[in-house]
Amino acid sequence: MCSQPHPPKLLDQLRQALRSRHYSPRTEQTYCHWVRRYIHFHHVRHPAEMAEPEMNAFLTHLALNEKVSASTQNQALSALLFLYRHVLGRKVGDLGEVIRAKKPKRLPVVMTRDEVKAVLSNLAGDKWLMASLLYGAGLRLMDCLRLRVQDLDFSRNEILVRDGKGAKDRITMLPASLKIPLQEHLRSVKATHERDLADGWGGVLLPGALDRKYPNAPKDWRWQWVFPQENRWKNSKTGDEGRHHVDESLVQKSVRQAVVAAGLTKRATCHTFRHSFATHLLEGGYDIRTVQELLGHSDVRTTMIYTHVLNRGPSGVRSPIDGL
């Protein structure tokens, strides 16, 4: 008599529910992390045995004891709501008096044009090119790393950002000064791709089910990463080989080292290039709606955080000590 198959584990059910709704791999990883934390906080009780009071206790613990930010607490709440609604099939009622983490109002760190130039001068090769795109096109780091060859339109000077934050596509500018460096870079990438094809590989992962719909697409030059990793990955079970895009940590490390080498005291990161892009456009007199569209913000209020540059604040006031 055949034994009944074991039902999938809770986290496997969570992953399946997220994938069926086309959530990103990053969101899947984050939601699994918070559900795991929630279960361990309540001494490995199954979430089906718990309800709103236990959710309240966990979220309050994060705010009071873990001192997490408001966005982190909201992230944990979103993970739990998804778990109960879409995996356990239960509606979540009033959570009661959850102690909310305070959301400080902070202005983004912005580099001056000279500081951007100094940081870029301490980068080289593809790291320089990636950082230049972050600043020159206002890209997020993952927007840049996930670029495919066909996303660069050199004739229209446009970059198509596919499936960006919030699962949105958008078009932003392709800086004229980066066209030749990008074309030279792509020639090198294409040579690598052709060597991979000659070795019997050369395929990349495609979004959704495109590889089943178009079986030859994974090896098509148009679908290759603009910034592929240096070495091919290898599946130890199947023996398959391929290339993913450059790992984000490598770019973050290079930028961090470049910021130190440039002598900046600001806490500048890869995302600071995007902040600087928006701020410098507004300083240059561009309309805020145009900047909103280039950044891909759904709400103009998100873009308005950069308008602090239009009101010069303390920098527009002359200190009395300067008049002595």
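Trainee: How many cavities of 30 Å³ or more does a search of the whole structure find?

Mentor: Rolling a probe the size of a water molecule over the atoms shows where empty space is left. A cavity is a set of points, on a 1 Å grid over the protein atoms alone, where a 1.4 Å probe fits but cannot get out; lining residues have an atom within 4 Å of a point. Points are joined across faces, edges and corners, and a volume is the space filled by probe spheres set on them. Here the search finds 2 cavities of 30 Å³ or more. The model is predicted: local features need pLDDT of at least 70, side-chain atom pairs count only at pLDDT 80 or more, and totals for chains, interfaces and linings use all residues. Residues are numbered from 1 along each chain as its sequence is written, and side-chain values use heavy atoms, leaving out hydrogens and water.

Trainee: What volume does the largest cavity have, and which residues are closest to its centre?

Mentor: Its volume is about 110 Å³. Among the 13 lining residues, H193, D196, Q224, P228 and R243 are the closest to the centre. Helix α8 (residues 179-198) gives the most to this lining, with 4 residues; helices are DSSP runs of H or I of at least four residues, strands runs of E of at least two, numbered from the N terminus.

Trainee: Which residues line the second largest cavity?

Mentor: M142, D143, R146, L147, D151, V161 and R162 do, around a volume of about 40 Å³. At least two lining residues come from each of α7 (141-145) and β2 (158-164).

Definitions and conventions
1 Å grid on protein atoms, 1.4 Å probe; cavity = no way out; pocket = protein on both sides within 12 Å on 5 of 7 lines; lining within 4 Å.
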